[in-house]
Amino acid sequence: MLEPMQSPAADPTDLLHEALAEAAGGFVELRWHKKETRGISVEKGRVDNATSSEHSGVGVRVLEQGTFGFASTDRLEKGAIVRAIGQARAAARASSRARRERVPDLPAVALARGRFDTPGVDATRERSIEAALEMLLEVERGARASSSRVTSASTSYAEIFEEKGIVTSDGAKVWTRTVRPEFRVVAVAAKAGEMQRGAEAVGVTGGWECLFETRSAAQLAEKAAQQAVDLLDAGYPEGGRTQVLLSPALVGLLTHEAVGHTVEADFVASGSCAAGRLGTRVASDLVTLCDSGVSEYHDGAGGTMFVDDEGVAAQRATVIENGFLRSYLHDRESAARLGVAPTGNARAWEYDDEPLIRMRNTYIAPGTSSLDEMIAGVEDGYLLDGASNGQADANGEFMFGTREAYRIVRGKKGPLLRGVNISGSAFDVLQTVDAVGAEFRWDLGSGHCGKGQPAKVDAGGPWLRCEVLLGGRKS
Amino acid sequence: VSTRTVGRERALGAESQHQREDELLARCESLVAEALRAGADEAEAFAAHADQSLATFEKGDLKLAHVDEGSSIGLRVFKDQRLGFAATNQFDHASLASVARNAVALASASPADPANRLPEARPITMVPSLVHPGLAAFGIDESVDLGHTLLTRAQAFDPRLSVDGANAGVSRASRAIHTTRGVRAVESDAMVTLSIAGMAVDGADVGGFHYQSDAVRDPSRVDAALRELVDEFARTSVENLAAQRAPNSYQGLVLLSPDAFLDLFVAPVLAASSAIAVQRGRSALGKRLGDRIGAPGFSIADAPEDRELAGAASFDREGQPALHFTLVEDGFLRGWLYNGYAAAVEGRASTGHARGGARGAPGLGAHAVCVPGGGGGDRAAMLGTLQRGLLVQRFSGSVDPASGDFSGVAKSSRWVEGGRVHGPVRETLLSGNAYQLLARIAALGTTPERVDGSARAPWALVDGLSVTAG
């Protein structure tokens, strides 16, 4: 059994509070943040990685002379924290001359107090790493044995425990614990010198049972291996603007990449395509899009959190309601500038990172259509599934990768084609939505968002019918 | 082998740097001893220390002044040829003892692998001057000033520029390794880092997002690097305004910037050249060693001795010498990249390509990628060769390293007519297969350019890409 390397004997916020009292003055935010990762990866019967790591420390943010200063210490000791507060103040003072527009004092808001644990923390800690290793080896072996064309397979499992204590000079005092396990399987198949890859991944906020609640590790591996083999014989879709059915995984990428980033208040302030459009129509009236710290509709969404890293409750923000843009995503500073309540979107990756505006669980609310009805309504288009990577620009232009494509002609789904990247302009694409499925799924797998710092996020929704630009081969 | 950064200029900060290096080595030695006490047969401790001052700008204004210092240590052990790894940033005895016990516990749970053994010590030739004495006193004040200059220059270029984010700062890092096979090495490095990201906005027209970054070790180069960075960012962003859809889709020649060429064609070759990928049967180039895989004139080298690139280093993550290595030469595939594990599988020496930091077990990869120039002339000459088609400055998409298939958006791209840039285009997708198209590199620019301070590559004209107009 692996042992935690270091853990406070008591509520860490008491010590933070003591340090804050000793160095009182102005706005101070203290965040003790411990991240513990246990991970194993296996390829072709060999263990490539068997890791246990733990990193912890206290991040200090102060607001002094209208400027934020940040410093950190890796010691959970009062003296070290007080020194870090001094360093953060010195950094803020030294740099305030370069600050053109002073940050106003942060207005009073309701801040969280108490203890908040997401489910599965203790049960996951008690589960032996040996059991996980055994499962990985067995599942990887199974993926390789599934077809003579599978030349290689790999599996990996990681569980990330996070513990935070957040204390601010204006009243936050919270202690949170979270666990986020992840599983990933990749299979490579080959035929006549050509290779194709299949991949499946799942990541949740919760325990082992939650991770494999919908599909077992063996089922995920079988799907990845089958995908790799099938893609060897698949052709390429043709490129161009076309009607598509996006799976919940791709709807998740669409909501995150195409819309979510453009409504982060820091991007809005820089002139993103969502700037100045509150209250206007940006999507068809079938579209309601939210970002929430809560795992709506189904348990286990990977970005679930009760309190953000400024001590604000991570409530649901309705970004688009029946097609109309209703809200941006805020931290305390951006909310104060717009005179609205913060939405609980301030997140930091580790103790030595400052909080940034980040998404949590982003989704389109389910509608009423069945998948069969949606396919039947397509005259000429594609059904796309399997999320790969994605990116978006502030102007709303997005791209993301798909793993599988199926041509639909006159309401009939054809054979598998190779996945391609799709692109479009966020709000233009959402205006073309003419059907929204009833079945909802969180499906960003083990994906993380990158915006200077990584962040564990989730996204999903129902099947969605819309128009995008498809990057095909025979243009 | 016992190596340290000898022969460096001693100046302000040099003493504390040496003190820190000694401290890291001592921590590594202590953790290796702890691992042996916990039952390990072999042990490798790798420690890293970094301090940074960083000024972050957002929305054209200072956002945050960030000062930070921290260390991490990672322990890899083998017990009965079974692997375990643990890491922490806590250096008290109890935490280190816990790291040792966890690494050994993980090893006890893992299956045995005959290639699980640490590499022997080999002589290391240190790359000189990775720490310039002029950066010793560079702190948050200098970072703020530098960032302010960067921002002011961008804002003066064109009022339509919206700087979404910019960073300026200095990072100083040291890394040390000690193993039971006699590897003992330490090295420090210091760099000024600059980055800027954003777009131009003209009324309702929001231009395509663009970013530039650089890393510079020589303080006398910082001003010039800043000017080049900002001017390139500003010019490209402003020229992204008023983008139109490309006039037509086609399959044929595309002119790629060094950045786009690295992403589309060099990165998959590097991934497929991992000896582990070859051994495990997932490298598309696995059976092509010695074959022609690219057009004549196309070469790829790893140059860890190149001090102008961020990845310059004297030794790799396993304390093996980091040496110049030619991967592709004049179109022919010449070798694979090996770390200690991959080398042990074949009973040969590592090529010094173990990569990573203290928080994970060693991986595999190149340090500082260089693609030499060809005979294609400058950018204007290559536009003349293209005559009509697409110029791509950045690729936003995915390349599957197994198949080589790529698909994604051509960012900051331009339509070319009559050998001249006609104007910016938007919503244009690129696709193709990297391994198949390597042979269709029609021309490489004469002079390679530094890309983000981390690689060198020339402009490249490649035939056979599919361009889908929006």
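Visitor: Which residue is the bridge partner of Cys449(A) in strand 22 of chain A?
Guide: That's Ala455(A). Before we go on, this is a predicted model, where local features need pLDDT of at least 70, side-chain atom pairs count only at pLDDT 80 or more, and totals for chains, interfaces and linings use all residues. Residues are numbered from 1 along each chain as its sequence is written, chains are lettered from A and ligands numbered from 1 in the order in which they are written, and side-chain values use heavy atoms, with hydrogens and water left out.

Visitor: How do strand 21 and strand 22 of chain A pair?
Guide: Strand 21 (residues 448-451) and strand 22 (residues 453-456) of chain A are antiparallel, with four bridges. Strands here are DSSP E runs of at least two residues, helices are H or I runs of at least four, and both are numbered from the N terminus. Two strands pair if DSSP finds at least two bridges between them.

Visitor: And what's in the turn of that hairpin?
Guide: Gly452(A), with a positive phi of about 85 degrees; one residue separates the two strands.

Visitor: Switching topic: what is the strand order in the open sheet of chain A?
Guide: It goes 11-10-9-14-23-20, six strands with mixed pairing. Strand 11 (324-325) and strand 20 (441-442) of chain A are at the edges with a single partner strand each, so one side of each has no neighbour in the sheet.

Visitor: Which helix lies across strand 9 and strand 10 of chain A?
Guide: Helix 7 (residues 248-260) of chain A, which also lies across strand 14 (361-364), strand 20 and strand 23 (458-461). Helix 7 runs at about 120 degrees to strand 23 of chain A. Axes are lines fitted to C-alpha atoms, for helices over the stretch in contact (heavy atoms within 4.5 Å), and angles run from 0 to 180 degrees between N-to-C directions.

Visitor: Where does Glu439(A) lie?
Guide: In the loop between strand 19 (435-436) and strand 20 of chain A. Glu439(A) touches Gly461(A), Pro462(A) and Trp463(A), leaving out residues up to four places away in sequence.

Visitor: On to chain B. What's the strand order in its open sheet?
Guide: Six strands, 13-12-11-16-25-24, again with mixed pairing. Strand 13 (332-333) and strand 24 (449-451) of chain B are the edges, each with a single partner strand, so one side of each is left without a neighbour in the sheet. Inside that order, strand 11 (residues 300-302) and strand 16 (residues 369-370) of chain B are antiparallel over two bridges, with Asp302(B) opposite Val369(B).

Visitor: How many residues does each chain put into the contact between A and B?
Guide: Chain A puts in 82 residues and chain B 87. They bury about 6900 Å² between them, 47% of it on carbon and sulfur atoms. Buried area is the accessible area (1.4 Å probe) that two parts lose on being put together, summed over both.

Visitor: How many salt bridges cross the interface of chain A and chain B?
Guide: The rule finds 13; it asks for a side-chain nitrogen of Lys or Arg within 4 Å of a carboxyl oxygen of Asp or Glu. One of them pairs Asp113(B) with Arg46(A), closest N and O atoms 3.6 Å apart.

Visitor: What does Arg280(B) bridge to?
Guide: Asp48(A), at 2.9 Å from N to O. Arg280(B) is in the loop between helix 6 (275-279) and strand 11 of chain B, while Asp48(A) is in strand 2 of chain A, so the pair joins two chains.

Visitor: Last one: which strands pair between chain A and chain B?
Guide: Strand 3 (residues 67-73) of chain A and strand 3 (residues 61-79) of chain B run parallel, joined by three bridges. Gly69(A) is opposite Ala65(B) there.
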